[in-house]
Amino acid sequence: MSKNYLTSKLQPFGSSIFAEMTKMALENNAINLSQGFPDFDGPEFIKQAACEAINAGHNQYANTFGVPALRKAIADKYNKFYGLSYNPDTEISILAGATEAIFTTIISIINSGDEVIIMEPYYDSYPVAVTMAGGLCRYLTLEFPDFKIDFEKLESLINNKTRMIIINTPHNPSGKVFSRAELETLAKIAVKHDLTVISDEVYEHLTFDGEKHIPTASIEGMFERTVTISSTGKTFSMTGWKIGTVCAPAPICAAVRTAHQYVIFAVATPFQHAMVKGFEAPDSFYKELIEFYTKKRDMMAKTLTDCGFKIVMPKGSYFIMADFTNFGFTNDVEFCKYLASQIKVAAIPPTAFYFNKRHGEKLVRFAFCKKEETLAAAAGRLSSLKISR
Ligand SMILES: Cc1ncc(COP(=O)(O)O)c(C=O)c1O
């Protein structure tokens, strides 16, 4: 038997479900609605800017905290969209995607034995990062179909070891956009117990039906305790460039920067220069982005409803969660295997996003960040699903 080199800490996590489902999609020639990446390119002007940055010689290590012009562009963006004021020299850093931002933030401020409250379903890197930092995860279930925070349960999870809450709004995989009232109640709890909050806001520009994203840091008492994480990969449809952002008050940002220097040191230079151009996009860019994704969401929602899934209409992000029990299955992994191998459409079994697996076992997540022709082809295949009751 070959030796297992993986640390005991990491053994429970295994390989990521995204890699597994993408492999299954390829093997079965299935349409891949599993992983959340667009099957189209981001804007031409940003691609052009990257080529120009390479040709202009921006090819050596970038400033470890991020290209200054990009940090300034991000400061301007937070000011313009949300009235939040971050100092680009001390309160903004560029990291290798939101994933590094989450990992580095957690590893820099969580001590061994500290407890972190994670809302499930979660982005799957949160528990791994907390565990790698030596922290302990405490899970709060957001229940289908409303995905509401049960604030009494939240408070009951807090004790003298609790250091942090992680929130994700707009939320992957549910598509929920947390309301001001919910964020204010969360804020009261965070202030009362002096907790740091990571607010993962990678889908901040993808909200539908007039819903507005509210940054957690904009709620009273939260600026000084919130680490806001975002990703240009989602806003500009360039997930492969891995340019993420961290905005936090100077003392927290300094901690994150310390770890970042030794994890990655610096993020790809020409892509950072190109993203400066991205942030110069006019307001119409954001409006068109919403229209573009609303159309895709509506297409996907109609397909799923017509086939017999019970869906929750997402108000944000580019995912839809659906209940598949009409098709006679009771287990999400089995249903997703059947979908990929027989119907030839790949989706994600959401138990991968739950510690308390039973809450996700009758659900499936579809990503609709795909070309309309991809979504139409998936609709054709999904229509062969048979309702069994
Ligand atoms: C909620 C959430 N956070 C973070 C990320 C990671 O973003 P990035 O690709 O910038 O690392 C994702 C990507 O799917 C996500 O859905």
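Is Phe327 buried or exposed? With a relative accessibility of 6%, Phe327 counts as buried, because the cut-off for buried is under 20%. Keep in mind that this is a predicted model.

Okay, so who sits with Phe327? Phe327 and Phe335 make a stacked aromatic pair, with 6.0 Å from centre to centre and 10° between the planes. Phe335 is buried too, at a relative accessible area of 0%.

Let's stay with rings for a bit. Two values describe an aromatic pair: how far apart the centres are, and the angle of the planes. Searching the whole structure turns up 29 aromatic pairs. Take Tyr78 and Tyr86: their ring centres are 5.7 Å apart and their planes are at 85°, so this pair is edge-to-face. Both of these tyrosines are buried. They also belong to a cluster linked by ring pairs, whose members include Phe81, Tyr82 and Phe223.

Lys296 has its charged end over the ring of Phe292, 4.3 Å from the centre. Over the face of Phe37 you'll find Lys370, at 4.3 Å from the ring centre.

Now, the ligand. Where does it sit? In the second largest pocket. There are 13 residues around the ligand, and Thr99, Asp200, Tyr203, Ser231 and Lys242 are the closest. Look at the ligand's oxygen atoms: one is 2.6 Å from an N or O atom in the Thr99 side chain, and one is 2.6 Å from a polar side-chain atom of Ser231. On its own the ligand has 390 Å² of accessible area, and the protein covers 92% of that.

Key: Residues are numbered from 1 along each chain as its sequence is written. This is a predicted model: local features need pLDDT of at least 70, side-chain atom pairs count only at pLDDT 80 or more; totals for chains, interfaces and linings use all residues. Side-chain values use heavy atoms; hydrogens and water are left out. Rings of Phe, Tyr and Trp (its six-membered ring) pair if their centres lie within 6.5 Å; planes under 30 degrees apart count as stacked, over 60 as edge-to-face and the rest as tilted. Buried means under 20% relative accessible area, exposed over 50%, partly exposed in between (1.4 Å probe, protein chains only). A charge sits over a ring if NZ of Lys or CZ of Arg is within 6 Å of the ring centre and within 35 degrees of the ring normal. A residue is near a molecule or strand if one of its heavy atoms lies within 4 Å of it. A polar contact is a pair of N or O atoms within 3.5 Å; within protein, one must be able to donate a hydrogen and the other to accept it, and residues adjacent in sequence count only if both atoms are side-chain atoms. Accessible areas come from the Shrake-Rupley method with a 1.4 Å probe; for residues, only the protein chains shown count as cover. On a 1 Å grid over the protein atoms alone, a cavity is a set of points where a 1.4 Å probe fits but cannot get out, and a pocket is an open set with protein on both sides within 12 Å along at least five of seven lines; lining residues have an atom within 4 Å of a point. A molecule sits in a cavity or pocket if more than half of its atoms lie within 2 Å of its grid points.
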